[in-house]
Every structure is written in structure tokens, then in C-alpha cells.
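Dear colleague,

Please find below the structure that I am handing over to you, together with its sequence. My notes on what was found follow after it.

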Amino acid sequence: MTPGKVLQPVLKMKVDELFLCWLSQPATQLTLKDCLRRIKNEEKTEIANEDTGSRKNERFNTKNSDSKQSILGDIRLPLSFNPPQLSTALPLSTSTSPRNVSNVKGIRRSSGTRVVQTKKEETLPPSLSQTIPTFYFPRGCPKEKVNIDAVIAKIERTFSQFPNERATLDDMGKVAKACECPLYWKGPLFYCAGGERTGYVSVHKFVAMWRKILQTCYDDAAKFVHLLMNPGCNYLVQEDFIPFLQDVVNSHPGLSFLKEASEFHSRYITTVIQRIFYTVNRSWSGKITCNELRKSNFLQNVALLEEEADINQLTEYFSYEHFYVIYCKFWELDTDHDLYIDRKDLARHNDHAISSRMIERIFSGAVTRGRKAQKDGKISYADFVWFLISEEDKKTPTSIEYWFRCMDLDGDGALSMYELEYFYEEQCQKLDNMAIEPLPFEDCLCQMLDLVKPQYEGKITLHDLKRCKLTNVFFDTFFNIEKYLDHEQKDQFSMLRDGEGESQEVSDWEKYAAEEYDILVAEEAASDQWNDGYEAELNPVDHQKANVLKYQMEKRPFFEMPSHLADVDLDEYDYEEDFE
């Protein structure tokens, strides 16, 4: 092909291809045979019964070429061809053969009667379809009868308590309760009504906004998405959560010690956003829909923010201790402190436990986002959050998908024996360097197949791994040498009992985060002996947190928050680019 020439599709070739495809279908063959059979029968009836067959003679007694054209005329419409309508479509013709007038009039009357009867029969299906109840509610199932006017009246009474019937962000807690919403919906309610522009919300503006939501959104998931989403969207991207989470940071009692340390706000918000998408965005699209939010427990955790004063008890999304562990682990690897790490940095994680081949797959873009970072051969802090949670808990659906994407080298949706051997080769090399005799791949493969019990021979699918109770053992065998050796030293029967038991109350990630946080606090407390006067004024809990914060702030540079809305610079990942 000459340079610069653009390939263009040939329409006729595509139409011919579709026609041949339709013509070769068994249903099409049967229909055509049935049409030819009925045409032949009609001709025989005409000879046998001339009186009653006058109408049939009018419809079918044409030339052979006309009959073929009639058939081919229908064949040329394969996409809209409807077999049941052939009996009425094929026989109709505009014959011009000479007949007497009475016969023609009779034919017209009889055909007109048949058309009317057909129309009567066609009116039945719509009446039957009306009895099917509505079953799809993208904005939630409408409740029996919500008295919107009563809700609006309650909101107006609440606004009457404020000066000039204007509510600030601090007043929105009462408004949220009047709307029958959890307390920490106050930020989204305030910003959705335009409060960030003027610093307050008038009663008229808020009532108009909330009335529209009540009329179009019928459950909490739909309302929450509507409050946070950008105009014209029906989903949430990562930036949409920033104002909501900044309000949580500013007003939750469990995070009060962060008020004077705004440098921590952006990293905490980034961590929580990644954890939200890690758990809720099951499609890996980078866009949380109402359905995904409805299926998750995120809104339940938002409601618990009001009841739980200790933010660290909300371990699934909001725990500050979990954030601190993740950030400290990242900072240890980020030697130049540019909030990006390369292959060599990540290889140092957990004393080079992760194989280099797996690290290459992580940096290949299989599970990371952002073309800029991939081009430079680095991953961002946001990507590291996904990596660390997946590395320490390989039993959750997202972590299984994470490592499956990395091991699926050819992207065919299954792990072949070649792909397993590719990763196991490096494990054998590491064991040889440690003077440990590795298990031959054939024996290891037998063990893994017995462990996973794949549905199809010769390959392991994502569904197989999600059914397996010991996916952590499977993954560690192929790319984490330290954990592989730990599993080898454990009693296999005890591991099976743990895997086959019911879901654990405390996940592997929660265990890891608790242990690491205790270690970090102990190390900081042992090395930090300054400012005794300030420490004496704090209770033990705040003393520990302030101790850790001051140590980190003294030794580590941070970035300033640009505004009260926490317009966090999260350019290290591209929100518009979906996971593939």
C-alpha cells in the first residue's frame, strides 16, 4: 500500500458477505423451502379447484421469472427479514392478467377482509405487553409515595433558624438531617447547591436542588452520585470525591489532630480515593456508577462516620493508620521524593521479595494508569496504593484480578502452563542462590492444579482463581519468594482449614496494616525524645499521633494545599483513561 493511502471499506463486499451468511443459516434454508413448497401447492390447487382458487390464481399464477424476482426481492433484505410475515408478504402481487370485473371486485373484498382480520390480531401483543411490570430502575426503585412537600417544609423550617435563611458549610449538618441524609452528606449537599461560590446556600436555591433530586433519584446511591457528579454525567470519577473527603478531614473528630498539618491532607485524600475505587469500581473503568455504588458498602461506611469517633475503626476506607502505613512504605522507596517510583525503587520493597519479571509486568501498564508515568517508566503514589493492598491481601476479588492481569502475558483471559513456567523460572533461580533446592516445575504445577482445580484442562481462568480459597498461596508461589517459603514451612492441612473456613472477620490487609503501624509507632517513639513540654499536654493517643506527625513533618517535605476544597494535584494518574 502506498504511504499515506487510507484503507476504506468496500460496502458491496460487506453486503455480499452478510447476504451469504444469512443465506447459509439453517433457519433461512427451511423458510425458503417452505415458501417454495407453498407456491407449488397453490399452483396445484388452482388446477384442481378453479372456483375457490380464483384469488390464489390472481396471487400466484405469474411467470417463473416474476416468482423468482419476488423471492429474490425478499432475500435482498436479510437484516429485516421476518419468517412469520412471509405468508402475507410473498403472496401479495400486482397481477395484471385479464379477469372479469366481478371476480376482481370479489378478490378486493376478500383481501380487504383478510387485512382487517390481520390488524385485529396484531393489536393483541401490545395489550399483553402492558401487563409486564417495570423491572429496570437505574436511579433506584420508586417508593410507594414520598411526601415531597412535607420534606421541603421541614427543610424550610431548618433554614429559618439561620440568618437571612442562608446556611454555611458549618450549618449544613442540620440541613442534612432535615433531608434525612447521613451527617457527612453535608459537604456534597452544600457544594451541589452552589455554596462554594458564595460561601453560603440560600433556602430557595437549596429547595429547588433537593426537590429535583427527590423527583428523579429514589435511593441513596442515586442521590449520592447526583450530588457529587459533574453536570451531564451519570457516574463519579476520582476528582468528584475531593470536596467530600476534604470536609471529612476538616470536621471529623477522629482527624482533628490533622487540622494544623494540612500537608497531610492531600496524601490522605488520595489514599482514601484509591481505596474507594479499589473496592467499589469493580469494572476497573475509573468511573463509579450508581449500580456499583449500590452493590458496595461505601455509603454504609459514610453513615458510620457520624457514629464512630475513632476514624481508625473504619478500616475499609477511612482509617488514618492504614494511610500512614501505606505512605511510609512508599516514602521509603521514593528516594528522590518526587512522588514517583521506578522499577529499581519498587524492587526494594520487602527486601526484593517480588520477582523482577512481575515488576516488569506491573510497569507494563497491565494494572497501572497514566500514560505520562508509563512513558517515563514510573508509577505514582496512587498506583502504589493498589499494589500494596493487592500484595498484602491476595484473597479479595480486586487483588485476584490485579495479579491475574499481571500473569496473563498474552491477555487471552487464561493462564497457560507456559505463563506459569515463565514466572516460576525466576523463583527457582532465587532458591538456587539461597542454596535451597527448588521443586521441579512439573511437581509444582501438579500441586497448583490440585490447589486451584481448574474447570478446563491446561489453563487456569479468573473464575477458577476466584473459586479457590488459597489464591495467596498460588500467587506467592510464582512471584514472591519470601511468602512462598513461609507457605512451605506451614502445615498444609492448617492452611486448607483456614481457607475453607468462613470469611475472616479481620482481613489479611487489616492484620498487616495493624502490625506495621505498631512497628512504625514503636520506632518513632524510641528515636524521638524532643519537645517534652508539648508532649505532656496531650493524652496518650494524641501524644502518639502528634509524635509521629512531627517526626515526619520535620524530615519529609510536603506540598501545600491550594484551596479549602482540597484541589489536590492528582496528575500522577489519568482519570479519563480506563483500565484495560
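Which residues make a nonpolar surface patch of about 450 Å²? In this predicted model, the patch is made by Ile132, Phe135 and Tyr136. Tyr136 belongs to the loop between helix 7 (124-129) and helix 8 (148-159), and with a relative accessible area of 61% this tyrosine is exposed.

Aromatic pairs

Searching the whole structure gives 37 aromatic pairs. In one of them, the ring centres of Phe241 and Phe298 are 6.0 Å apart and the planes stand at 80 degrees, so the pair is edge-to-face. Phe241 is in the loop between strand 3 (235-236) and helix 14 (242-251), while Phe298 is in helix 17 (residues 298-307); the pair therefore ties together parts that are 57 residues apart in sequence. Phe241 is buried at 0% relative accessibility, and Phe298 is buried with a relative accessible area of 0%.

Tyr424 and Phe478 also form an edge-to-face pair, with ring centres 6.3 Å apart and planes at 70 degrees. This pair links helix 24 (residues 417-433), which holds Tyr424, to helix 27 (residues 471-479), which holds Phe478, across 54 residues. Both of these residues are buried.

Charges over rings

Two arginines deserve mention here. The charged end of Arg357 sits over the ring of Tyr422, 4.4 Å from its centre. For Arg405, the charged end sits over the ring of Trp284, at 4.0 Å from the ring centre.

Salt bridges

The structure holds 20 salt bridges. Among them, Arg211 and Asp149 meet through their side chains at 3.4 Å, N to O. Arg211 lies in helix 12 (residues 203-216) and Asp149 in helix 8, 62 residues apart. Arg211 is partly exposed, at 29% relative accessible area, whereas Asp149 is exposed, at 52%.

A further salt bridge joins the side chains of Glu516 and Lys329 (3.0 Å, N to O). Here helix 30 (residues 508-527), with Glu516, is linked to helix 18 (residues 320-333), with Lys329, and the partners are 187 residues apart. Glu516 counts as buried at 16% relative accessibility, and Lys329 counts as buried at 18%.

Lys378 forms a salt bridge with Asp338, their closest N and O atoms being 3.3 Å apart. Lys378 is in strand 6 (residues 378-380) and Asp338 in the loop between helix 18 and strand 5 (340-342), 40 residues apart.

Finally, a network of salt bridges links Glu391, Glu392, Lys394, Asp476 and Lys483.

With kind regards

Methods:
Residues numbered from 1 in each chain as written. Heavy atoms only, no water. Phe/Tyr/Trp six-rings, centres within 6.5 Å; stacked < 30°, edge-to-face > 60°. Helix = DSSP H or I, 4+ residues; strand = E, 2+ residues; numbered from the N terminus. Buried < 20%, exposed > 50% of the residue type's maximum accessible area, 1.4 Å probe, protein only. Lys NZ or Arg CZ within 6 Å of the ring centre and 35° of its normal. Patch = residues over 30% accessible without salt bridge, like charges linked within 9 Å, V, L, I, M, F, W, Y side chains within 5 Å. Areas by Shrake-Rupley, 256 points an atom, 1.4 Å probe, with all protein chains shown as cover. Salt bridge = Lys/Arg side-chain N within 4 Å of Asp/Glu carboxyl O.
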